[in-house]
Amino acid sequence: KMVGYKGYSNIRCQHRGQILMVALSRTKKFNAFSDGLYNDLISVLKKSSVDPSVTVLLVTGDGKFFSSGADLKDPSNNFKPAEDGMTSRNTLDRPAGRFMMELLGYTKVLVAAVNGPAVGIAVTMLLHFDLVYLSNNATLWAPFTRLALVPELCSSVTFEARMGLSKANEMLLLGKQIDAKTAENWNLCSCIFEDVDKGGDAFHLRSIGTQVCDKIEKELLSIPLANNTSKVFVSLMRQRRAQFMKKVCNDELTILDQRFDCGECFEAYKKLKW
């Protein structure tokens, strides 16, 4: 029996053989992460992880953006500390924190086809994908310092490991936005797709998502026993670090909660020049 991936309001899903394509699809909000989007993604991660028809989960975006990061207009992203001065924000129990943990524990092949600008968590999550491809108009930006946040989703560890401390801090501490070419040079993706359809339909025949699907089908899924083999590779190459990454993520969120609870994030948010 086929598992259903219909009825989501913030994403669109399409089966391509053994690949489940997931398009972030809040185009009016540039695919910003709201609680609704986090919850849809948590559901897809949970379902597909036990769905025998899915070997690869591919994430891409509808519209011009991959994702503009946290939706600062979403009521859940209220920067105000609790009125009573006691209650902690407790990000780990919120959809954002639950999504992070679900992603870190995912045991199948994760592929990202970044179709345009990516901001915040849409950048930090890429470091946990097994394969990352960017279209030539993609940019990566992690502007956490502007809002007095912290490096989240393990970026305090993953960025430094991937590109060295100085480049990591160029992005994290100085909030530098980088283009696709720089991202490729800094080891953040496998390669850049130059000739992609930019009409905004993630499932278009020439979209970066579809082209990456074709590549994965040809180079991985055509191999005998690809399903089992890819699980083994993911378990050895990414999943043996999962417990460590969950601890790192937890540590980061604990400090994030402290910054929220004492009002620092709200102060920065009020003073931010948009």
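What follows is a chat about cavities, pockets and helix packing in a predicted model.

Student: What kind of model is it, and which pLDDT limits apply?
Tutor: The model is predicted: local features need pLDDT of at least 70, side-chain atom pairs count only at pLDDT 80 or more, and totals for chains, interfaces and linings use all residues. Residues are numbered from 1 along each chain as its sequence is written, and side-chain values use heavy atoms, with hydrogens and water left out.

Student: How many cavities of 30 Å³ or more does a search of the whole structure find?
Tutor: The search finds 1. A cavity here is a set of points on a 1 Å grid, over the protein atoms alone, where a 1.4 Å probe fits but cannot get out; a pocket is an open set with protein on both sides within 12 Å along at least five of seven lines, and lining residues have an atom within 4 Å of a point.

Student: What volume lies in the largest cavity?
Tutor: About 80 Å³. Volume means the space filled by probe spheres set on the points, with grid points joined across faces, edges and corners.

Student: Which residues line it?
Tutor: The lining of the largest cavity is Val22, Leu41, Val44, Leu45, Leu57, Val59, Phe99, Leu103, Leu110, Met125 and Phe129. Two or more residues each come from helix H1 (35-49), strand E3 (56-61) and helix H2 (95-104); H1 gives the largest share, 3 residues. Helices (H or I, at least four residues) and strands (E, at least two) are DSSP runs, numbered from the N terminus.

Student: And how does that lining divide by class?
Tutor: It has 11 nonpolar, no polar and no charged residues. Ala, Val, Leu, Ile, Met, Phe, Trp, Tyr, Cys and Pro count as nonpolar, Asp, Glu, Lys and Arg as charged, and the others, Gly among them, as polar.

Student: Different topic. How do H2 and H9 pack?
Tutor: H2 and helix H9 (residues 242-261) pack at about 165 degrees, with their axes 9 Å apart. Axes are lines fitted to C-alpha atoms, for helices over the stretch in contact, and angles run from 0 to 180 degrees between N-to-C directions. H2 and H9 are therefore roughly antiparallel; angles under 35 degrees count as roughly parallel, over 145 as roughly antiparallel, 65 to 115 as roughly perpendicular and the rest as oblique.

Student: Which residues make the contact?
Tutor: Gly97, Met100, Met101 and Leu104 of H2, and Ala242, Met245, Lys246, Cys249, Asn250 and Leu253 of H9. Contact means heavy atoms within 4.5 Å.

Student: What about H4 and H5, at what angle do they cross?
Tutor: The axes of helix H4 (155-163) and helix H5 (residues 165-172) cross at roughly 130 degrees and come within 7 Å. That pair is therefore oblique. Ser155, Phe159, Glu160 and Met163 in H4 meet Leu165, Lys167, Ala168, Met171 and Leu172 in H5.
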